[in-house]
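Subject: Structure handover

Hello,

The structure is below, followed by notes on what was found in it. Please look it over when you have time.

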Amino acid sequence: MANEERPNDKLIAKKTEWAAAKRPAPSARPGGVYADRLPPGQHVAEGWPVLDLGVKPEVTTEKWSLTVDGLVALPRVLDWPAFLDLPQIDDVSDFHCVTTWSTFDNRWRGTRFKDFCAAVKPSAEARHVVFSSYDGYTTNLPLAACLDDDVMIVHGYNGRPLTRDHGGPVRMIVPKRYAWKSATWLRAVTFLAADAPGFWEVRGYSNTAFPWDDDRFSE
Ligand SMILES: Nc1nc2c(c(=O)[nH]1)N[C@H]1C(S)=C(S)[C@@H](COP(=O)(O)O)O[C@H]1N2
Ligand SMILES: [Mo]
């Protein structure tokens, strides 16, 4: 990220305000799982919208690295070849953004997070994960949620390299949570014993972020 590039404060303030205004009364929260493919309140997007903080860091594969730290047996810094040495697979999944758009049938290429964990070995005390990005963004998830088969560290989308616009060269994909839990421009994965709410999680967005429960904003 160039020195003069900073997250767009206006944009962040607007989204933070929006989170506060839209916070539903607990009674208005529909619970339970919908049989449909589209979670409550969502619509299918045309194309794939771009949602960032007003900054798109330029990270070439030569410059990119992934720092793995915290409660992990094998802390390390993976460069691009080391990342590609991890098991690579394709997986197709849907993606749901809190601003109400969803995309279906996205074909991701990359490493399953659970295969990544098998390689770096989080310690027994690790219960939470924080993902950090080249734009200064962070987001958090329980480690258990990251071990589902569809949670991936991806570098390919629909047969092409993941573009800079969408978080390339490497981003997270966590299909069962709202999209802000899927860090773009991934820079570090940190294993922790205690939860550590991330960028939007401290600004009024739900810590759990379940699309199927319309779980958008914190109580
Ligand atoms: N590093 C970083 N990751 C991020 C964000 C961001 O601003 N910075 N925005 C989040 C949000 S709100 C969404 S909807 C998705 C958007 O991904 P896309 O721009 O590829 O659609 O990335 C998520 N991950
Ligand atoms: Mo989003």
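Which strands does helix α3 lie across, and at about what angle does it run to β11? Helix α3 (residues 113-120) lies across β2, β3, β6 (128-133) and β11, and its angle to β11 is about 65°. Contact here means heavy atoms within 4.5 Å; axes are lines fitted to C-alpha atoms, for helices over the stretch in contact, with angles from 0 to 180 degrees between N-to-C directions. Helices (H or I, at least four residues) and strands (E, at least two) are DSSP runs numbered from the N terminus.

This is a predicted model, in which local features need pLDDT of at least 70 and side-chain atom pairs pLDDT 80 or more, while totals for chains, interfaces and linings use all residues. Residues are numbered from 1 along each chain as its sequence is written, and side-chain values use heavy atoms, without hydrogens and water.

The sheet is open, with five strands in the order β3-β2-β11-β6-β7 and mixed pairing; two strands pair if DSSP finds at least two bridges between them. β3 (76-79) and β7 (138-142) are at the edges with a single partner strand each, so one side of each has no neighbour in the sheet. From one strand to the next, the twist averages 20°. β2 (residues 65-70) pairs with β11 (residues 186-192) in the parallel sense over four bridges, and Val-68 has Val-189 as its bridge partner in β11.

Regards

Note on methods
Chains are lettered from A and ligands numbered from 1 in the order in which they are written.
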